Amino acid sequence: MLLLVGWFLVLLYVWGNQKRTENAPWLFYVLIGLVLLSRSSNIVEYEPNVDTSTWLTSTLTIRRASDPVWTWLNYTDGRPFTVAPLWLASLLGLPLTYGGAEWLSVILWCITLVALAGILKALGWKSGRAFIFVAALAAFVGTTGYIDHVAYNSEVASMWLLALALWGFFYWAERPVTWGALVVGLLLGLLPYAKFQNAPMGLVIAAFAGFTWLRSRQWMAVVLLGLGGLLPTLGFVAYYAGLGQLETFWNHYFLYYFYYSYTDEFSKLTTWERFTPVRFLYLTLASPDMRWYAAGLLLATVGLFVHFLRKTKTTYDWLALVLLLTTYYAMLQSGNNFHHYALYIPFLVPVALGIWARDLPVRTQKTVLSIVLLAAGFQAGYNLNQRGPVQPTANEPLTQRVASVIRANSKPEERMVLWGWFDRLYVYAQRPMGYRYPYTIGIFWPSPLHEVRVKDFIHDLEENQPAIFVDVCGTALTFYGTTAERHEATPEVARYIASHYRLIQDIEGVRLYKRLHP
């Protein structure tokens, strides 16, 4: 109840002071404090989403690796800059738990809030009205309890990079800039390495930034922007080339996500089925913890789009439209219905609204802002009334039993490999990965990369000598993987396991093997 009253008073104050032109840092501190306080009362204890287990497992593996750089680039599911903040935070003392990961996601959201305020100020919004957009996003971030929202995932890890890049662009768009362009380019160049689907957003922002600085004859800024954008990829290519492993880079970062994104390897939906407006609305409104806020944002967007069609367009107006289109793309492109894909909406839509509404009459601006704030206020009230702690799943006892057997038969520094898809077991057992992916669906599902992945699998087991091999296919401990897809179905893997491991226990179909020769 106290949190509900607190959010009501803050949102009411923000609405009543929208004419304020000067900054009020104390109000921003209050808002951030309220976000932290609201989330601290409902921090997760159990796995909220399988992706969080993936990133925790990757970080655990990096921390215990003899070559952390190689491990960071190859044991992070092709998303090293999703894992990088978690790795850095763990070095600073953040516990590698689900609760610790949620705290990091909250901190990254707070950075995004600061950047949104900076973006709106750079666009010319008065502080009071800009703060309404910021407070609305903060109300959602602070009160949501939905599993896909509280989980640490690649959308959250992408958003702060995207927000800082946009802030830098809008800040320097009308100012002389040199090295700031390099920073903007670098942030945009990192985006695909947090999530492949970010690439179009990064390219779009870079194109508009380059055009803006070309128009103002800032040639060095354009050069530095391009250099910054290319630096991450050039650095990775140079690293792999120095090791004679360019094919690994190509397979791990490009082909893997090409097949994931543009074929039916991971989703059987056709291109049309992936990009239908109905699917977009489903993903956007599926979670009740975001539904009302997202509906308000979409309503405001529809109204301002009509205005966009009628007005004389500026460069920024076109940028807003393309940002919305690339948001649509990023959410739908993979063909999977994971609700955390919709987390692009709460940040990128307000940015587009801020662009389109900045030159409107004050009365029209107030209408847009009232829709956004009312939707956010209703959402915050709903969330605080409905949310509760993330509950353990039905397979929690079995997970704990299997994890205890793994710990009893291996040392903390020894690795394990899991056949199937159940990353949580790595977190519970606290054992690093012995194979570069925490799951093996890429091997037992049909793929043009099948032979490459089998080769990598055998190579990693030889190199890492994992003490434990666990086959969870066909059991309660896998998201994908049937009995027909157990490791025996892949001949090369079956021969290797039979030669190097012995079965030590079968727990409700989950088979645990121990290496014969450490």
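Me: Is phenylalanine 469 buried or exposed?

Reply: Buried means under 20% relative accessible area, exposed over 50%, partly exposed in between (1.4 Å probe, protein chains only). Phenylalanine 469 has 0% relative accessibility, so it counts as buried. Tyrosine 501 is buried too, at 4%. This is a predicted model: local features need pLDDT of at least 70, side-chain atom pairs count only at pLDDT 80 or more, and totals for chains, interfaces and linings use all residues. Residues are numbered from 1 along each chain as its sequence is written, and side-chain values use heavy atoms, leaving out hydrogens and water.

Me: How many aromatic pairs does the structure hold?

Reply: Rings of Phe, Tyr and Trp (its six-membered ring) pair if their centres lie within 6.5 Å; planes under 30 degrees apart are stacked, over 60 edge-to-face, the rest tilted. The structure holds 46 aromatic pairs. Among them, phenylalanine 469 and tyrosine 501 are tilted, with 6.2 Å between centres and 50° between planes. This pair links distant parts of the chain, 32 residues apart: phenylalanine 469 is in strand S2 (residues 468-471), tyrosine 501 in strand S3 (residues 501-507). Strands are DSSP runs (E, at least two residues), numbered from the N terminus.

Me: Which ring has arginine 175 over its face?

Reply: A charge sits over a ring if NZ of Lys or CZ of Arg is within 6 Å of the ring centre and within 35 degrees of the ring normal. Arginine 175 lies over tyrosine 171, 3.9 Å from the ring centre. Lysine 313 lies over phenylalanine 308, at 5.2 Å.

Conventions. Helix = DSSP H or I, 4+ residues; strand = E, 2+ residues; numbered from the N terminus.
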